[in-house]
Amino acid sequence: MKNLTVTDWYRQFVRTQVQPGDLCIDATAGNGNDTALLCQLTGPTGQVLAFDIQEKALSSARRRLDALGLSDNCRLILDSHEFMENYAAPESVSCITFNLGYLPGSDHRTSTHAASTLRALASGLSLLKPGGLMTVCIYSGRDTGFEERDAVLSFVRTLDSRKYLVIQSEYVNRPNHPPIPVLIIRLPPEPVI
Ligand code: SAM
């Protein structure tokens with residue numbers, strides 16, 4: 001098996017989850033890698049909402065989508081992900097991806113931050129449909145991300161186990177604060193027998 005990066009890891013679950021026609025959200029569009037994957041999977045009958053607070057990130061994402069011919073079913077939104085509830089109906093979203101941290105090569109001050117990330121996670125959970133998937137990739141190291149990492153990991157542990165399945169993975173033999181991928185599955189209702 002080839003090396004499994006953290007993005008390879010959570011994208012396997014995204015690929016399994018997302019079906020043509022689904023509504024999906026990329027909460028941190030950045031250069032558009034996850035946005036492009038979601039657009040491919042939802043296809044022309046689906047829709048992807050992709051959020052970022054930086055114009056230059058959305059321009060970069062737009063270029064990537066255009067190059068791949070995937071722009072038609074994507075709405076790029078210059079707004080903080082904590083307001084995603086304003087853009088989709090409750091319980092309507094199949095998959096939400098969070099790739100926390102900063103845009104590679106850009107100012108670390110435009111990184112995601114604990115307080116707004118927690119609000120965004122709560123907002124996203126209200127949009128997930130039963131059976132929906134949220135992926136959260138947490139980065140920390142050097143000057144950023146520790147407070148956010150601890151806040152997110154504490155938050156996900158408080159989620160009601162009757163309503164959500166939460167799985168945190170760990171690169172156990174990697175030095176220097178490896179990324180931490182987390183899956184949150186909104187459990188479908190138990191079948192009535
Ligand atoms: N998934 C992206 C990709 O494929 O290129 C990388 C995302 S990058 C690690 C994190 C992004 O989150 C940055 O582009 C940053 O501008 C964005 N960001 C930071 N705070 C945000 C917020 N409150 N709402 C939405 N996006 C935010």
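Biologist: What makes F51 count as buried or exposed?

Modeller: F51 has 0% relative accessibility and therefore counts as buried, since buried means under 20% relative accessible area, exposed over 50% and partly exposed in between, with a 1.4 Å probe and protein chains only. This is a predicted model, in which local features need pLDDT of at least 70 and side-chain atom pairs count only at pLDDT 80 or more, while totals for chains, interfaces and linings use all residues. Residues are numbered from 1 along each chain as its sequence is written, and side-chain values use heavy atoms, with hydrogens and water left out.

Biologist: How many aromatic pairs does a search of the whole structure find?

Modeller: The search finds two, where rings of Phe, Tyr and Trp (its six-membered ring) pair if their centres lie within 6.5 Å, and planes under 30 degrees apart count as stacked, over 60 as edge-to-face and the rest as tilted.

Biologist: Why is the pair of W9 and F13 called tilted?

Modeller: The centres of W9 and F13 are 4.9 Å apart and their planes make 50 degrees, so the pair falls into the remaining class, tilted. W9, at 17% relative accessibility, counts as buried, whereas F13, at 32%, counts as partly exposed.

Biologist: What makes the pair of F51 and Y87 edge-to-face?

Modeller: The centres of F51 and Y87 lie 5.2 Å apart, with 75 degrees between the planes, and an angle over 60 counts as edge-to-face. Y87 is partly exposed, with a relative accessible area of 25%.
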